[in-house]
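Q: Hey, I'm new to this one. Can you walk me through it?

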Amino acid sequence: MLRYVVRRLLLTIPLLIGISLISFLVMNMAPGGPIGAAADMNPKATAEVRERMKAYYGLDQPLHIQYGRWLGRMATLDFGPSFSPDGRQVADKIRERIPVTLAINLLSMGIILLVAIPIGIYSAVRKDSWFDRISTVTVFTGFAIPTFWLALLLMMLFGVKLGWLPISGLVSLEHDSLSLAGKAWDRTQHLILPVLLAGFGGLAGFSRYMRSNMLEVIRQDYIATAKAKGLSERLVVFRHAVRNALLPVITILGLSVPDLLGGSVIFETIFAIPGMGQLFYQGVMSRDYPLIMGILVIGSFLTLVGNLLADVGYALADPRIRTG
Amino acid sequence: MRRLPAAVLVAMLTFGTIFLAAGCSGEKKEGAAKETAAMRVAPAYGDAIVFGSNGDVSGFLTAVTSDAASHDAASYVFNGLVRYDKNVKLEGELAESWEVTPDGKKITFRLRKGVKWHDGTPFTSDDVMFTYRKIIDPKTPTAYAEDFKQVRRASNPDPHTFVVEYEKPFAPALASWGMSILPKHLLEKYEDISKSPLNKEHPIGTGPYKFVEWKPGARVVFEANPDYFEGKPYIQRVITRIIPDQATMFLELKSGGVDSMNLTPVQYTRQTETEEFRKSYNKYRYTAFNYTYLGFRLSHPFFADRKVRRAIAHAINKKELVEGVLFGLGREAIGPYKPGTWVYNPDVPAFPYDPARARALLAEAGWKQGADGTLENGGKKFRFTVLTNAGNESRAKTAAILQQHLSAVGIAMEIRTVEWAAFINEFIDKRKFDAVILGWSVTPDPDQYDIWSSRKTGPKELNFVGFSNAEVDRLLEEGRRTFDLEKRRKAYFRIQEILAEELPYVFLYVPDSLPAVHNRFHGIEPAPIGISYNFIRWFVPNERQKYTSFQK
């Protein structure tokens, strides 16, 4: 097992290099460049100024040299300085955004699991019942409704009309002057809408997975055996069926690892939340190459690690796989 | 403070255009009567004002940043030698006064005495000299060195005098000294000023507000500078919240989460005309410092003919554009200057909406009606594509309306919107367009050499339509080589006449700036430059102060 994990981890290195190379090329093929924002349509930006700024960012070098330099820095885990005028380290920019995105995603993931799994189980056990139908319609509605639209409606209701919740941002302006409990409540208030909305959108996927897994499992012989033994339905469902139906969820959880840090652009933009999604979007719009590359590398690394975790987790949980 | 960037002429980028366009020329204001009564209220210190901004700050030194949010933030902390006053005339800021020698080649600035940096160090001419040297330093990643490279010699004979000499007189130079003056004692140890903490973390200037904090992506906070040389500002704190989404910002405004934002025409006319909104907010309306135009690639076989350009001008109903795109909140444009300013020539030949005249002109140019209703000339149909950048709703609407107007005279116009970077790099730079709908910001200084001179048609240069007129070239040169306002006015008046006759662009409309400000703020006096020029004199009467935990 250990050898397997080590081998898989070593394999991620060439994979990451390949991904980064492709990303680098695609990024450079996109029209425009990092100095566009300052120099395009700016009469003061003469040809000489452009050349000078290109040289400043090392963009006057051929692509393979630029990539080589970047790779060299990455080898020492140095993401380099951002191309934005503030020139701050990419690592710092990412670090200050991670907690927010991670917190929101963990909370909404928790809500999704807490709500979706019971919905899935109950819909499967009571297949085609009223509950099944209503929950199906509800979760698909959540999946289909454009988040930004629902967000605006809820902001209007809770923020403007009722005045119960803040509309956007993470803390109120006078946060620093609040007591400890006040601060906690302030943060909670700001998180309610974003977390609920993120959760609502994600319910459909998980509850449907759970439902179909359950349906699959319920049809198995060992469930029939359990029932034949005269066990109560409760025991059959929870001890025998659910535990087996939960197995594929491990895979899905593993695949969600990169999403935890991904953040959603639309979502963070609507709620004015300074998270990873906005950072990446701004990076792309301003052609901030080091920042784009940094986020892409982290994203691909997490994807690979997530896959590995899923595989390992599955092997640990399911003896059939271990032996095979 | 949303002050006008002193000498920066920039194409208005995609989304925020109207909202970012800084200044305004104020005549009209809703609820004016209420304000005069309120004027009698005694000024008081304290409270905070919360602005909303679409974009985050990208640095605090204006030499290296180029976005509106950063320049706006810097305007609280830093001062220039000169600035524009409420009537859009240059006045001294850190310079008490200045003299220009009669030959126009030498400017002597007399600096204010007793000004201190926020850390207490006195401000001297050494700082000005340092700023000048840094901006022309090849190690500074700035796009604004050009104006300062015209300087032949700079000197500071004493701590309160700064002298610059130019090879040739250069009128726009004066306004260029409105750029932020930087503290030498804090920056001299940095070879590249953009890497200093003053740019990244904590700016220190001479301005009316001191920097408090910057939470990237969330907000920037400033605090009144008690030692400001024009007196301590009344409003204790300025908080700029970064709210990328326009709809969210509007909800924040309605719920009191922000105190001021620039409204869109639809918000101004439809969504704020409620009793509830009027109870808490004042709305202002002024002509903005920008215009939208339809520009032709003049080497295009259709548009090379002036008759065709005139026909198109006659075919366009600008009034309908102002109504349809701006809900009436703007005015028809006839030239590249802001209506009402000293350089604006109101008497240029206009091309009134007249489809019959348009058809006649087109017929004269050889275009005959074809079988499908589209005009034809020698077997070629009059079909072209107008390009505009994606994400700008008013330009997209403009295109749709123009399409109707032109099809009424037999011209088939297709619309294509392209993402900004691709638009510039693939189409404008490579001259791969028939016509474009774009906008320009208008600077207070009338020098538009870069847009109209036939010497500015090269790659990446701004006369991308390829306009070439010997008289305009001469007048542009004349206008920038004298400080004599009367001579300049004459030159620019004539340029406007020629532009109206030659029509390299059809000037379409000038929008209005539409800020709303919470009505607990008093002392706002709209002027041609806008409302922000006297920001340090805005105040909230004691009994209406809202944010009290910031008081010191």
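Predicted model: local features only at pLDDT ≥ 70, side-chain atom pairs only at ≥ 80, totals over all residues.

Q: How many residues does the contact take from chain B and from chain A?
A: Chain B puts in 47 residues and chain A 44 residues. Being in contact here is having C-beta atoms, placed from the backbone, within 7 Å.

Q: And which helix of chain B gives the most to the side that touches chain A?
A: Helix 9 of chain B, with 6 residues. Helices are DSSP runs of H or I, at least four residues, and strands are runs of E, at least two, numbered from the N terminus.

Q: New topic: strand 10 of chain B, residues 219–224. How many of its residues are buried?
A: 6 of its 6. Buried is 20 or more other C-beta atoms within 10 Å of a residue's own, with C-beta atoms placed from the backbone.

Q: What does strand 9 of chain B pair with?
A: Strand 10 of chain B, antiparallel, over 6 bridges; pairing takes at least two DSSP bridges. B:Lys210 sits opposite B:Glu223 there. The two strands form a hairpin with 3 residues between them, and B:Gly217 in the turn has a positive phi of about 80°.

Q: Where is the bridge partner of B:Phe222?
A: In strand 11 of chain B: B:Val238. Strands 10 and 11 of chain B run antiparallel, joined by 5 bridges.

Terms used. Residues numbered from 1 in each chain as written. Chains lettered and ligands numbered in written order. Contact = placed C-beta atoms within 7 Å. Buried ≥ 20, exposed ≤ 12 C-beta atoms within 10 Å, placed from the backbone.
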